[in-house]
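Open the model in your viewer and keep the selection tool at hand. The tour goes one selection at a time.

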Amino acid sequence: MAGPIARARAGVGIGLIIAVQIAQAGAQVEEPLANSVRSALSAAVLDAAPPRPSFDSIEDRLQYLRWLGEMSQRLKRRKSEHATRVEFLEALWYESRRAGLEPELVLGLIQVESGFRKYAVSRAGAIGYMQVMPFWSRLIGDGDAARLFHMQANLRFGCVILRHYLDMERGDLFLALGRYNGSRGRAEYPEAVFAARRLWLRGDRSASAPAASVPARRPD
């Protein structure tokens, strides 16, 4: 699993924004948060290093390893270095499970949002793999938006935000995805994510991400 997220160096965000490819994704809309929700979301993005998951059985662990292997092969075209792919997939699996989300859904969302480009920036200013808007770092983080360029931080923020929207929409994934993209009520974005999710779910169904003991920290 990835280690703790280091603080971004001074000025790194500005240089990266100039150099990165522009993403075509939309953006979350800043909305007022109740104090209780803000506190819960802030706790959910705390900067602790993720523990390695524990499994109830050897079969569950083998299923997880099969999932890593298959997803790594599929991701090879976008991330050529094996160690980088595995680190990314381990972090994505952990953060999605931690937020109560399906890993393949998060893979589909990232494919649509950023095309798996770590330093992608949208025209609206959304950052990184999961295209997190910088205002979230002020609302529930430490105010340092440059941290959103770091893999673990970006995945954690993105998964926590999607979980928040899913709770707001009472489990309606279509509306939650629209809210995530800033296009609530329109079909184009949710349908694109659902289509990408189906691609990640294809193939050996035995390689679907297994359940494991992951501490959930979901906002109330």
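Select Glu188 and Glu191. These exposed residues sit on the face of H9 turned away from its buried side. The model you are viewing is predicted.

Now take the whole of helix H9, residues 188-201. Its 14 residues reach 20 Å from first C-alpha to last, close to the 20 Å expected at 1.5 Å a residue.

Next, colour the buried residues of H9: Tyr189, Pro190, Val193, Ala196, Trp200 and Leu201. Look down the helix axis. The buried residues fall within an arc of 145°, so they line one face of H9.

What do the buried residues of H9 pack against? Show helix H3 (58-75), helix H5 (103-113) and helix H8 (173-181); these are the partners.

Stay with H5 and H9. Their axes come within 7 Å and cross at roughly 125°. Oblique is therefore the term for H5 relative to H9. The crossing is right-handed. On the H5 side, display the contact residues Glu104, Leu105, Leu107, Gly108, Leu109, Gln111, Val112 and Glu113. On the H9 side, display Tyr189, Ala192, Val193, Ala196, Arg197, Leu199, Trp200 and Leu201.

Two loop stops remain.

Go to Gln131, in the loop between strand S2 (121-122) and helix H6 (135-139). Its phi is near 50°, a positive value in a residue other than glycine. Is Gln131 buried or exposed? Gln131 has 1% relative accessibility, so it counts as buried.

Finish at Arg170, in the loop between helix H7 (151-168) and H8. Arg170 is not a glycine, yet it has a positive phi of about 55°. Arg170 counts as exposed because its relative accessibility is 80%.

Key. Residues numbered from 1 in each chain as written. Predicted model: local features only at pLDDT ≥ 70, side-chain atom pairs only at ≥ 80, totals over all residues. Heavy atoms only, no water. Helix = DSSP H or I, 4+ residues; strand = E, 2+ residues; numbered from the N terminus. Expected span 1.5 Å × (residues − 1). Buried < 20%, exposed > 50% of the residue type's maximum accessible area, 1.4 Å probe, protein only. Arc of directions from axis to C-beta. Contact = heavy atoms within 4.5 Å. Axes fitted to C-alpha atoms, helices over the stretch in contact; angles between N-to-C directions. Parallel < 35°, antiparallel > 145°, perpendicular 65-115°, else oblique. Left-handed = near helix turned anticlockwise from the far one by under 90°.
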